[in-house]
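User: Could you take a close look at the aromatic rings here and walk me through what they pair with? I'd enjoy one connected account.

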Amino acid sequence: RDWSPIKAMKWCLKGLINGHTDVVVRSEGTNLSVGGVALCRNPLCPWCSYKRSMESAEVLSKGLIRAKKKGFFVRLLTLTIPSGGEYAEQRSLLSGSLRRFSKRFSKEMKKQGAEQAGVSWSFDITMKMERSWRSHLHIHSCIVSDSMGVDEGTLFEWWNDAVSKEAGRPVQLSRKAFYARVPHSEKSVSSYVLGKFLRSAIEVQASSQKDGGKV
């Protein structure tokens with residue numbers, strides 16, 4: 001809080017909500033909730049980032065489970081680009097490639113007669129300390145459609161094509177670095193969402209309790 005440039009984060013959990021005179025703390029097992037105090041809801045806040053992510057994960061998990069039960073086409077993807085380059089370059093390439101891939105997916109699903117098709121995603125970054133903090137940015141994504149869908153090979157071709165067009169040159173991605181998983185159960189959906197979409201929020205919340213420099 002002391003180092004945050006955002007005023008709302010400085011006051012997160014410190015001020016009472018207008019009209020409230022009491023702070024309410026509830027504990028259930030390892031879960032803890034606080035009521036009556038102002039929250040910043042900033043994604044970088046150690047308290048609010050986890051809360052926001054849990055809310056989003058619940059909505060996403062329920063949506064994917066419901067889609068699977070209705071017989072929709074559902075895939076859990078890991079999208080990568082060639083290693084190397086600065087973080088800003090990777091971020092720009094991934095963002096543009098994702099837009100192209102999402103448009104391609106929606107367009108192709110509509111050709112199959114789909115009325116509903118969507119893409120949800122989360123950026124993930126890993127850094128190698130022994131290589132001068134070299135960063136590698138990639139995407140974890142969920143795609144859903146009420147059409148027949150496509151096979152993993154076709155999805156890889158669409159992603160490779162999107163990266164090449166965004167880069168402005170031919171790019172040959174590693175087939176081994178592309179994953180398109182089929183969620184076989186509610187547990188597999190939940191574990192993917194919690195493990196991939198929430199990992200950064202969990203790390204932020206726990207970082208103040210850790211020793212060392214894991215990033």
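Analyst: Happy to. A charge counts as sitting over a ring if NZ of Lys or CZ of Arg is within 6 Å of the ring centre and within 35 degrees of the ring normal. The charged end of Arg 91 meets this with Phe 123, at 4.3 Å from the ring centre. Arg 181 likewise lies over the face of Tyr 179, 5.6 Å from the ring centre.

A word on the basis: this is a predicted model, where local features need pLDDT of at least 70, side-chain atom pairs count only at pLDDT 80 or more, and totals for chains, interfaces and linings use all residues. Residues are numbered from 1 along each chain as its sequence is written, and side-chain values use heavy atoms, leaving out hydrogens and water.

Now the ring pairs. Rings of Phe, Tyr and Trp (its six-membered ring) pair if their centres lie within 6.5 Å; planes under 30 degrees apart are stacked, over 60 edge-to-face, the rest tilted. That rule gives two aromatic pairs. Phe 101 and Trp 159 are edge-to-face, because their planes stand at 85°, with centres 5.9 Å apart. Phe 101 belongs to helix α3 (residues 87–111) and Trp 159 to helix α4 (residues 152–167), so 58 residues separate them (helices are DSSP runs of H or I, at least four residues; strands of E, at least two; both numbered from the N terminus). Phe 101 is buried at 0% relative accessible area, and Trp 159 is buried at 1% (buried is under 20%, exposed over 50%, partly exposed in between, with a 1.4 Å probe and protein chains only).

Phe 156 and Phe 178 are also edge-to-face, because their planes lie at 65°, with centres 5.5 Å apart. Phe 156 is in helix α4 and Phe 178 in the loop between α4 and β6 (179–181), so the pair ties together parts 22 residues apart in sequence. Both Phe 156 and Phe 178 are buried.
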